[in-house]
Amino acid sequence: MEKFIKIVFKSVPILWIIKRFSFLLKSMGIIPKGRWFHRLPVSDWIAVKLSNGKNVWLKNTGFNLEKSLYWRGSQGYESLTMELIEKIVPVCDWFIDVGANSGYFSIVASAINSKLRVVAFEPI
């Protein structure tokens with residue numbers, strides 16, 4: 001049964017319907033706001049819409065980062081850091097991401113400012 005549920009939830013249209021329906025139920029106060037939906041699987045590729053209207057595409061590797069971004073949008077992961085990046089990056093020439101991990105902030109920064117030079121690394 002679990003394998004069947006995973007196969008069903010991997011189809012994008014069903015995930016989109018569940019996502020929209022869950023937001024509707026939360027906005028009406030029928031279900032509590034929380035992290036219950038993070039248990040649902042996310043499709044292979046996800047689009048995260050930024051505040052400037054551009055999309056950033058990420059490959060789902062099974063981490064909570066991708067799930068948070070899929071279900072909550074660009075502000076779903078370290079929202080204060082995202083606000084700072086969205087304000088500062090448009091006027092910058094360089095973006096140095098020390099401790100980049102998956103490189104999400106580097107990808108976002110380059111999507112916001114296409115002329116930006118990005119250096120990202122994860123120290124060992």
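Buried residues are those under 20% relative accessible area, exposed ones over 50%, and partly exposed ones in between (1.4 Å probe, protein chains only). The structure is a predicted model, in which local features need pLDDT of at least 70 and side-chain atom pairs count only at pLDDT 80 or more, while totals for chains, interfaces and linings use all residues. Residues are numbered from 1 along each chain as its sequence is written, and side-chain values use heavy atoms, with hydrogens and water left out.

**Figure 1. Helix α3 and the burial of its residues.** Helix α3 is mostly covered, with 7 of its 9 residues buried. Helices (H or I, at least four residues) and strands (E, at least two) are DSSP runs, numbered from the N terminus. The buried residues of α3 are Leu65, Glu66, Lys67, Ser68, Leu69, Tyr70 and Trp71. Just after the helix, Gly73 adopts a positive phi of about 85°.

Figure 2. Leu65 lies in helix α3 and is buried, its relative accessible area being 13%. With neighbours within four places in sequence set aside, Leu65 is in contact (heavy atoms within 4.5 Å) with Tyr77, Ser102 and Tyr104. Leu65 and Glu78 are 13 residues apart along the chain, and 9.7 Å separates their C-alpha atoms.

**Figure 3. Ser74 in the loop between α3 and α4.** The loop that holds Ser74 runs between α3 (64-72) and α4 (79-88). Ser74 is buried, at a relative accessible area of 7%. Apart from neighbours within four places in sequence, the residues in contact with Ser74 are Val48, Lys49, Leu50, Leu69, Met82, Glu86 and Tyr104.

**Figure 4. The largest nonpolar core.** A nonpolar core is a set of buried Ala, Val, Leu, Ile, Met, Phe, Trp, Tyr and Cys residues joined through side-chain atoms within 4.5 Å. The largest one has 20 residues, of which Ile85, Tyr104 and Val108 touch the most other members. Two or more residues of this core come from each of β1 (45-49), β2 (55-59), α3, α4 and α5 (104-112). Helix α5 gives the largest share, 6 residues. Not counting residues up to four places away in sequence, Val108 touches Leu50, Val56, Met82 and Ile85.

**Figure 5. Helix α5 and its cover.** Helix α5 is mostly covered, and 7 of its 9 residues are buried. These are Tyr104, Phe105, Ser106, Val108, Ala109, Ala111 and Ile112. The cover over the buried residues of α5 includes β1, β2, α3, α4, β3 and β4.

Figure 6. Trp94, Ile96, Val98, Val119 and Phe121 make a nonpolar surface patch of about 500 Å². Patches consist of residues with over 30% relative accessible area and no salt bridge, with like charges joined within 9 Å and nonpolar side chains (Val, Leu, Ile, Met, Phe, Trp, Tyr) within 5 Å. A salt bridge places a side-chain nitrogen of Lys or Arg within 4 Å of a carboxyl oxygen of Asp or Glu, and accessible areas come from the Shrake-Rupley method with a 1.4 Å probe, only the protein chains shown counting as cover for residues. Strands β3 (94-98) and β4 (117-121) each give two or more residues to the nonpolar patch, the largest share, 3 residues, coming from β3. Phe121 belongs to strand β4 and is partly exposed, at 41% relative accessibility.
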